[in-house]
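This report describes one protein structure for a reader who has not seen it before. The sequence and the model come next, and the text then moves from one region to another.

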Amino acid sequence: MVTNIYDRLRAGVITASAAETQVLAAEFAGALPVDTTLALHGDLGVGKTTFVQGLARGFGVADAVTSPTFTIFTLHRGTRTLVHLDAYRLNDATQLDPLMLEDFLTPPYCLAVEWPDNIAAWLPRGTLHLELGIAHDARHTVKLRGDA
């Protein structure tokens, strides 16, 4: 019997709406260790930003969460600092240095990275990798990779 959020996500979860994805992410937020980096993998439109919106809800963030595609990252303050990084426009990890991102990772934090493959060399050891997708029936899938 699958009982906790980590087990459920390792097995793979299917959601039927953005609201369900956000509830799932909010539950996951409550189980995350302090100072966590999440790598959100998946194609355009699979719900990566929706998942981050749920994380924000789980951390008690009051402000709106949108994709930071053009600003690269945004900060949201709640019970922990949520740093939402969209690496889509980055070609490699060296482009992160001028952003001084480390200065914004004030404990307790959660760094949620969309398009993490673009900066894979920069991601810290222990990063939790989530694969988001769309099932054949248009529902969304979320699966935790590895031994998190």
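Pro 108 is in contact with Val 34, Asp 35, Thr 79, Arg 80 and Thr 81, leaving aside its neighbours within four places in sequence. The model is a predicted one. Pro 108 belongs to the loop between strand 4 and strand 5. Is Pro 108 buried, partly exposed or exposed? Its relative accessible area is 31%, so Pro 108 counts as partly exposed. Between Pro 108 and Gly 78 there are 10.0 Å in space, C-alpha to C-alpha, and the two are 30 residues apart in sequence.

The next element is strand 5, residues 109–114. Of its 6 residues, 6 are buried, so strand 5 is largely enclosed by the rest of the structure. In a regular strand, side chains alternate between the two faces of the sheet. Both faces of strand 5 are covered.

Which strands are joined to strand 5 by bridges? Strand 2 (residues 36–41) runs parallel to strand 5 and is joined to it by 5 bridges. Strand 4 (residues 81–86) also runs parallel to strand 5, with 6 bridges between them. Strand 2 pairs with strand 6 (residues 128–134) as well, in the parallel sense. The table lists these pairings, each with one pair of facing residues.

| Strands | Bridges | Facing residues |
|---|---|---|
| Strand 2 and strand 5 | 5 bridges | Ala 39 and Val 113 |
| Strand 4 and strand 5 | 6 bridges | Thr 81 and Tyr 109 |
| Strand 2 and strand 6 | 4 bridges | Ala 39 and His 129 |

Strand 1 covers residues 13–15 and includes Thr 15. Thr 15 has a relative accessible area of 2% and is therefore buried. Its side chain makes a polar contact of 2.6 Å with the side chain of Thr 21. Not counting residues up to four places away in sequence, Thr 15 touches Glu 20, Thr 21, Leu 24, Arg 139 and His 140.

The aromatic residues form another group. How many aromatic pairs are there? The count comes to 3 aromatic pairs. In one of them, Tyr 6 and Phe 28 are edge-to-face, with 5.4 Å centre to centre and 65° between the planes. This pair links distant parts of the chain, since Tyr 6 lies in helix 1 (residues 5–11) and Phe 28 in helix 2 (residues 18–31), 22 residues apart. Tyr 6 counts as buried at 16% relative accessibility, and Phe 28 is buried at 0%. Together with Phe 51, Tyr 6 and Phe 28 form one aromatic cluster.

A further ring has a charge over it: the charged end of Lys 48 sits over the ring of Trp 115, 4.2 Å from its centre.

Notes. Residues numbered from 1 in each chain as written. Predicted model: local features only at pLDDT ≥ 70, side-chain atom pairs only at ≥ 80, totals over all residues. Heavy atoms only, no water. Helix = DSSP H or I, 4+ residues; strand = E, 2+ residues; numbered from the N terminus. Buried < 20%, exposed > 50% of the residue type's maximum accessible area, 1.4 Å probe, protein only. Polar contact = N/O pair within 3.5 Å; in protein donor to acceptor, adjacent residues only side chain to side chain. Contact = heavy atoms within 4.5 Å. Pairing = 2+ DSSP bridges. Phe/Tyr/Trp six-rings, centres within 6.5 Å; stacked < 30°, edge-to-face > 60°. Lys NZ or Arg CZ within 6 Å of the ring centre and 35° of its normal.
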